[in-house]
Amino acid sequence: MSLNEIRDKMQKEISQSLSMLDNVIKTTKLPIVNEQKTNNPLWIDVREIDLRYQIPVKKIYKFFEGLKEGKVLATKCPKCGSVYFPPQDDCPKCKISNLEWIEMPKEGEIMAYTVINVKPPSFSHYQDYIVGIARMSNGVNVLGWVRAKEVRVGMKVRLEVVERKPEGYLTYELVPVG
């Protein structure tokens, strides 16, 4: 399915949800519906937000160049040795800029995770997914999607560059080892 087809499908689902919400409000005078899986009541805001944002990345553009080369990069302060991931150009401890670029190690271990089954609209086209925090072999924690059906704390993972489908952009994921 193309990205435009996914957007069109999402818009149709949103329109259907809004029509349903309008009927609920007319009937109950409250914008509250029951969540389908758990039957828990959910407040549905009647304001619709369509958000697309831009973030300047000039100072950390090398991170994205690294993804193109199959590398996940971080920055390191040459003065205090602190490693920053996601990368940043300034060390808040030493108050210096233009930090060194280093490649993140590939090996890590899951420290915590959560299964995402209530998704924001922009991720609703994905099946339920897992987001985890892995402590990499250099001691730096990395937050990322975990490409696995089951996860456990202590599980060994590899940090890998992947192409996110259907959007087609490069990102990174945590992939179980073995």
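Colleague: Which residues do ring pairs link into a cluster?

Modeller: Y61, F63, F64, F85 and Y172. The idea is simple: rings of Phe, Tyr and Trp (its six-membered ring) pair if their centres lie within 6.5 Å, and planes under 30 degrees apart count as stacked, over 60 as edge-to-face and the rest as tilted.

Colleague: What should I know before I read on?

Modeller: This is a predicted model, in which local features need pLDDT of at least 70, side-chain atom pairs count only at pLDDT 80 or more, and totals for chains, interfaces and linings use all residues. Residues are numbered from 1 along each chain as its sequence is written, and side-chain values use heavy atoms, leaving out hydrogens and water.

Colleague: How many aromatic pairs does the ring rule give?

Modeller: Ten. Take F123 and W145: the ring centres are 5.9 Å apart and the planes meet at 50 degrees, so this pair is tilted. F123 lies in the loop between β8 (107-116) and β9 (129-136), while W145 is in strand β10 (residues 141-146), so the pair ties together parts that are 22 residues apart in sequence.

Colleague: What does an edge-to-face pair look like here?

Modeller: See Y126 and Y129, with 6.4 Å from centre to centre and 75 degrees between the planes. Y126 is buried at 12% relative accessible area. Y129 is buried too, at 11%.

Colleague: Which charged end sits over the ring of W145?

Modeller: That of R164, 3.7 Å from the ring centre. The test: NZ of Lys or CZ of Arg is within 6 Å of the ring centre and within 35 degrees of the ring normal. R164 itself is in strand β11 (residues 156-164). R164 is buried, at 6% relative accessible area.

Colleague: What elements does the chain have?

Modeller: Two helices and twelve strands. Helices (H or I, at least four residues) and strands (E, at least two) are DSSP runs, numbered from the N terminus. In order they run α-β-β-α-β-β-β-β-β-β-β-β-β-β. Helix α1 covers residues 3-28 and holds E5. E5 is partly exposed, with 46% relative accessible area. Between E5 and Q16 there are eleven residues in sequence and 17 Å in space, C-alpha to C-alpha.

Colleague: What is the radius of gyration of the chain?

Modeller: The chain has 20 Å, whereas a compact globule of 178 residues would have one near 16 Å. That radius is taken over C-alpha atoms, and the globule rule is 2.2 Å times the number of residues to the power 0.38. Along the principal axes, the C-alpha trace spans about 65 × 35 × 35 Å. Buried residues make up 29% of the 178. Of the contacts with a separation of 6 or more, 43% join residues 24 or more positions apart.

Colleague: Which feature does UniProt place at residues 101-161?

Modeller: An unreviewed UniProt entry puts "domain: ChsH2 C-terminal OB-fold" there. UniProt positions are given in the numbering used here, feature names are shortened, and annotations may be inferred rather than shown by experiment. In the model, residues 101-161 are 0% helix and 54% strand. The end C-alpha atoms of that stretch are 17 Å apart.

Colleague: Where are the cis peptide bonds?

Modeller: One runs from F85 to P86, with omega near 0 degrees. P86 is in the loop between β4 (83-84) and β5 (90-91). Another joins K165 and P166, with omega about 5 degrees. P166 is in the loop between β11 and β12 (169-176).

Colleague: What is phi at K29 and N98?

Modeller: K29, a residue other than glycine, has a positive phi near 70 degrees. K29 sits in the loop between α1 and β1 (32-34) and is exposed at 65% relative accessible area. N98 is not a glycine either, and its phi is positive at about 60 degrees. N98 lies in the loop between β6 (96-97) and β7 (100-103) and counts as exposed at 63%.

Notes:
Buried < 20%, exposed > 50% of the residue type's maximum accessible area, 1.4 Å probe, protein only. Contact = heavy atoms within 4.5 Å.
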